[in-house]
Amino acid sequence: MAASESDDRLSAFLESGIHRFDEANAFFIDPVRVLNRCYTRFRVSPSAYYSRFFPSLNFSTENQNNVTKNSGKRKRREKEKKNSQALNLREQMADRRHQEVRVALLKAHEALIGASQLLETLRNLRDDGEERGGSSIVRENELDFVELGSVWQAPFYEIVLKVDEDEAAVENAGGESYCQKVVPLFENHVANEGRNDIEADLLDRKYILPKNSCFYMSDLRQIHNLIPAESDCGFNLILIDPPWENSSAHQKLKYRTLPNRYFLSLPVKQLTHTAGALVALWVTNREKLRNFVENELFPKWGVKYATTFYWLKVKADGSLISELDLFHHRPYECLLLGFSHGKEMNSEQLLRLNHIPDNQVFISVPGDYSRKPPIGEFLLDYVPGFKPARCIELFSREMIAGWTSWGNEPLHFQDSKYFLSTNQVNST
């Protein structure tokens, strides 16, 4: 690649947060840069987002070498143990899936390692010009929305939105002019319909709502309130990140999980737009879960499977977060794509699914536990119906401009401590 072309692609990445590797059917994504396109007055804090896979300033080289050495021993022991045992049928199926995508994952990672200019920027992904104190800062004083929603006072909790009175005047003057709008927090569509992000006050905490966004906070029993009265007001893109069953006690401390069969009741078909919807479902690499989705969940939802995309996770130096062939700790997750038929589907729209590329890989440095990278815009090309698409994320813990976010904690990552104001950014 010519130097000028390489420079142009790097400049485009710094602007958009996306670097494509056309030769590898893959792209690298910096979620912070992508998310920041949702905001005008605030910016997502890189140091708050990237709370993992970056060495601590106080972490000595000797300690780091010891951890790496011990980690390597553990991985080798696991591989030797797995290689010494005959795989059962389910493990054989899981290994077969892995082997089918292994070449694509390696090719994507090799493309990243070969992009020297891009790798150089990874060193500074976490730099926001402030000392944020690592992950401990972002965990203090967080509201537990699940607990709040379960108490008898829940219907009386209100959130105060600081809504612009005159957006044009605010943008031209560069100042603030807003009125307060008080609305119920739970089981209510709370929307920011403006062109700017806004602040919201809740129980002495501040939250940032991106432009043109909406959330509905409830538990699974109230999700039917999202179903539109008319199907032409349904959704064309339905992104789902369920809190799957997880036997790891460590993970359960991070977020609450539900039995997998609970998700059979999700009203995906009723949420589907009359022109149909692309359904994107996050799953782990557990074969038992894949079998459940393919044989029970998708059929129950009325979703026809199309293909799978893969999220490959790397550290700040570009290395994988674990060995690619490590049986129980593989460094990637899967995004299953399927199609929910609408009432007015035609054959041309059905054929569009064949144009979704197989085994597409997106690479990023992970953020906090269970926080997925914002990949919604990469799916828009395959969404049926009119544009702009109507998009919803189920079990959301974060809001995106132009999307409806539903779950029992969609404001989790909207806490102001995850953000910097533009004044802070400009002063650094």
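This is a predicted model: local features need pLDDT of at least 70, side-chain atom pairs count only at pLDDT 80 or more; totals for chains, interfaces and linings use all residues.
Residues are numbered from 1 along each chain as its sequence is written, and side-chain values use heavy atoms, with hydrogens and water left out.

Buried means under 20% relative accessible area, exposed means over 50%, and partly exposed lies in between (1.4 Å probe, protein chains only). In a regular strand the side chains alternate between the two faces of the sheet. Strands (E, at least two residues) and helices (H or I, at least four) are DSSP runs, numbered from the N terminus. S6 pairs with strand S9 (residues 213-217) in the antiparallel sense, over four bridges; two strands pair if DSSP finds at least two bridges between them. The bridge partner of His189 in S9 is Tyr216.

Aromatic rings were examined next. Rings of Phe, Tyr and Trp (its six-membered ring) pair if their centres lie within 6.5 Å; planes under 30 degrees apart count as stacked, over 60 as edge-to-face and the rest as tilted. The count by this rule is 16 aromatic pairs. Tyr39 and Phe419 are edge-to-face, because their ring centres are 5.1 Å apart and their planes stand at 65°. This pair links distant parts of the chain, 380 residues apart: Tyr39 is in the loop between helix H2 (31-35) and strand S3 (42-44), and Phe419 is in strand S17 (residues 419-421). Tyr39 is buried at a relative accessible area of 5%, and Phe419 is buried at 6%.

Trp244 and Phe263 also form an edge-to-face pair, with 5.2 Å centre to centre and 80° between the planes. Trp244 lies in the loop between strand S10 (237-240) and helix H10 (249-252), and Phe263 in the loop between H10 and helix H11 (268-271), so the pair ties together parts 19 residues apart in sequence. Both residues, Trp244 and Phe263, are buried.

One aromatic cluster is formed by Phe27, Trp282, Trp311, Phe362 and Phe378. Arg20 lies over the face of Phe27, 5.7 Å from the ring centre. A charge sits over a ring if NZ of Lys or CZ of Arg is within 6 Å of the ring centre and within 35 degrees of the ring normal.
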